[in-house]
There are 4 protein chains.
Amino acid sequence: MGVLLRRLIDEGCVSDPESPKGRLLAAAARQFRQKGFSRTTVRDLAAEVGILSGSIFHHFKNKDEILFAVMNEVVIAMEERLQVRLSAATSTRDKVRALIENELQFIHGPTGDATAVLIYEWRALSEPLQQKILERRRAYFKLWHDTLIKAEEEALITVEPDCLRQLLHGAIVWSIHWYQPQGPMPLESLVDQVLSLAIKSE
Amino acid sequence: MGVLLRRLIDEGCVSDPESPKGRLLAAAARQFRQKGFSRTTVRDLAAEVGILSGSIFHHFKNKDEILFAVMNEVVIAMEERLQVRLSAATSTRDKVRALIENELQFIHGPTGDATAVLIYEWRALSEPLQQKILERRRAYFKLWHDTLIKAEEEALITVEPDCLRQLLHGAIVWSIHWYQPQGPMPLESLVDQVLSLAIKSE
Amino acid sequence: MGVLLRRLIDEGCVSDPESPKGRLLAAAARQFRQKGFSRTTVRDLAAEVGILSGSIFHHFKNKDEILFAVMNEVVIAMEERLQVRLSAATSTRDKVRALIENELQFIHGPTGDATAVLIYEWRALSEPLQQKILERRRAYFKLWHDTLIKAEEEALITVEPDCLRQLLHGAIVWSIHWYQPQGPMPLESLVDQVLSLAIKSE
Amino acid sequence: MGVLLRRLIDEGCVSDPESPKGRLLAAAARQFRQKGFSRTTVRDLAAEVGILSGSIFHHFKNKDEILFAVMNEVVIAMEERLQVRLSAATSTRDKVRALIENELQFIHGPTGDATAVLIYEWRALSEPLQQKILERRRAYFKLWHDTLIKAEEEALITVEPDCLRQLLHGAIVWSIHWYQPQGPMPLESLVDQVLSLAIKSE
DNA sequence: TATGAATGAGTCTTCATTCAT
DNA sequence: TATGAATGAAGACTCATTCAT
């Protein structure tokens, strides 16, 4: 368990994956991703962690809150992580690379299920909870925005920053459907390919 | 009504949008996109067309078949249309542009709802019907593949063709979530931006 | 077509089996027997005679009336036929044999479907129509009763007539489930076996 | 509660008639008998037991399983009981009497509803479940067969054993429709009448 | 906290019946 | 008479949620 995760758990932002709540969230992420939120029943979730459906409501007020929790954890982690990576990057080019790498790692790493749910089950979340996630999400988008603005100033990119952000985001997110982390192409290579779309290698 | 559409209707590939069946499909596309397949009830659909829920099953065997029909219409039209565009394009560069333009027009034009459903409600379709759509979809992907192979041969692109196809597809598809056709940026401009990701302007 | 049937048709008691109505009744008898009344849809019936479900209601007021018609035809024919047979029989023993033979022939002959429906779909018929059938049925039971009374007077039977009637009727009716007319045992032989239950051969 | 029933409950073969499941089965037997399986709604059943229709599916997977459970209980009990009776009977004549008495008691005793359902709602049961019942039913038929074979060897009966079995079974089963246990004729008397059909009193 | 029986609103689907053409 | 689209009531079944134990 990394030090970042440790801290997030201690702060109550994410659940200990060993706890019943944490195991429930992992199961939820996996099943929501695979079948979609509305085709996943609380019974399905309960079965996976070995409890009965009624017991779920001791951990979450309702099914909606489970979806929210899944999304919330990943939203927080994603932004925290990106901040760390951006600080570590020296050049603006490396910062752009960090944007891409961070997102691809969340999608294809251990948090992949939750990330996919965040992206594809958005509409399933009730309006008020959507707002809460969106609030958190803004900080993340800001990091993208600021970085790409800098890249534009340095003439690294030609496409308008916000448009580019969306295009890259789309290209990255879609990799859920075709990219195989244990296939022939290593993730770093995919990062480079996406980067090459944004920034012309000299 | 265009001549292509006219022909598709006559061939029975798509439904006349004036017929009850056609109006049902339009409503389905709209609602499936907005709320998702499983959160859309047959009552919702019937209400929009002004019939009772039971009457729906006069036109479709079950809810699944409605989803299938929505997807099927757009899959067929999308490929037919792309074929026409590719034939019209002279240079390989123009052909690549046609790939992008065709998809963006389907997403942001009058068939936008059905196209979004095709992309985002895939998992909601039953396995056997998925196969039938996939069969038809292959021809479309082949057109992309062949065109990008040619582009690679002419050194227009640097990223490996199939990888590039997926990246572009993702970037294009994601525009569902942010691009506004009646906003400040015309669609042609968006086409160019995406094209610029793929092909370095000299 | 026999002379009896001819007369019944002319009198409007049964339908001409060539007419749409007659073909509908034959289909109904067959399907009601096979699947039961409530598991047979009017669509099923319409399909078998090659019309659409709506058209059925030009021939019958409702589904109930179809069941009634099936039962009514066979009830009338059964009694008419029995009367003829009883008149032909000379000895009381032959008359008892006629009771048994008549019922077995209706069950295993061309009217088998309708007869089975009469027996096994009784509860499916609405109360008022049940009464109408019962009215007709009484004459038939009377023939059994009178004959068995005579048999008792002649000391041919030992069991109380009405009780015997029910026991024989049950034994005969159940043959629907096991007796094969084209099997090794000819129907006449079955008649004799049943008769031997009722009347001790000296 | 008899010792046999007690054991069947403990073995899980039949449900405790006090339990919700047991009360549901009793209601089902009664209603399936009275109205037939397909004309009985799960709401009807739930209402009789004082729960809501949705709650039924806590106890049974679907409506079919209820019908199966009703039939299964009686099939098991019927065979167990017959075995006990046959063991107790000393002469072959008494064994034949036991066959008849056992069946008549199941039909007109407290298990009458379930027995009637077993006999008259056979077609309503789905094919795979029919097979499961049939499997259990075979042992019961075997007891009849073996006993009647013995009776034939001792020249007690004249009709071929399997044919006689069906004829008697039919006569017995039909008593559902006319015999009144609390009428003038005691059940033992009915048993004797049926026996007299099979075996000539010397 | 966990259980599991019960709830009750809601879902898809069926089907006899109607009726304008 | 036949059609076939539409009706609308009713059916089986699902499932998030509650709550006494």
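Begin by selecting chain A and chain B: 29 residues of chain A are in contact with 29 residues of chain B. The model on display is a predicted one. Between chain A and chain B, about 2,600 Å² of area is buried, and carbon and sulfur atoms give 63% of that area. Next, select A:Arg123, A:Trp174 and A:Leu197, which supply 27% of the area that chain A buries against chain B, more than any other three residues.

**Pairs across the A–B interface**

Select B:Arg123 together with A:Glu121. These residues form a salt bridge, with the closest N and O atoms 2.7 Å apart. The count between chain A and chain B is two salt bridges. Ten residue pairs in polar contact are also found across the interface of chain A and chain B, both residues of a pair being at pLDDT 80 or more.

Colour the helices of chain A in turn: α2 (20-35), α6 (112-120), α8 (161-174) and α9 (187-198) each supply at least two residues of the side that touches chain B. Which helix gives the most to this side of chain A? That helix is α8(A), with nine residues. By class, the side of chain A that touches chain B divides into 16 nonpolar, eight polar and five charged residues.

**The annotated span of chain A**

Now select residues 41-60 of chain A, which an unreviewed UniProt entry lists as "DNA-binding region". The end C-alpha atoms of this span lie 14 Å apart, and the span is 40% helix and 0% strand.

**Chains C and D**

Move to chain C and chain D, where 29 residues of chain C are in contact with 29 residues of chain D. The area buried between chain C and chain D is about 2,600 Å², with 63% given by carbon and sulfur atoms.

Two salt bridges are found across the interface of chain C and chain D. For one of them, select D:Arg123 and C:Glu121, whose side chains meet at 2.7 Å, N to O. Among the helices of chain C, α2 (20-35), α6, α8 (161-174) and α9 (187-198) each supply at least two residues of the side that touches chain D. The helix α8(C) gives the most, with nine residues.

**Inside helix α6 of chain C**

Finally, select residues 112-120 of chain C. Why is helix α6 described as largely enclosed by the rest of the structure? Eight of its nine residues are buried, so the helix is largely enclosed. Among the buried residues are C:Gly112, C:Val117, C:Leu118 and C:Tyr120.

Terms used. Residues are numbered from 1 along each chain as its sequence is written. Chains are lettered from A and ligands numbered from 1 in the order in which they are written. This is a predicted model: local features need pLDDT of at least 70, side-chain atom pairs count only at pLDDT 80 or more; totals for chains, interfaces and linings use all residues. Side-chain values use heavy atoms; hydrogens and water are left out. Contact means heavy atoms within 4.5 Å. Buried area is the accessible area (1.4 Å probe) that two parts lose on being put together, summed over both. A salt bridge is a side-chain nitrogen of Lys or Arg within 4 Å of a carboxyl oxygen of Asp or Glu. A polar contact is a pair of N or O atoms within 3.5 Å; within protein, one must be able to donate a hydrogen and the other to accept it, and residues adjacent in sequence count only if both atoms are side-chain atoms. Helices (H or I, at least four residues) and strands (E, at least two) are DSSP runs, numbered from the N terminus. Ala, Val, Leu, Ile, Met, Phe, Trp, Tyr, Cys and Pro count as nonpolar, Asp, Glu, Lys and Arg as charged, and the others, Gly among them, as polar. UniProt positions are given in the numbering used here, feature names are shortened, and annotations may be inferred rather than shown by experiment. Buried means under 20% relative accessible area, exposed over 50%, partly exposed in between (1.4 Å probe, protein chains only).
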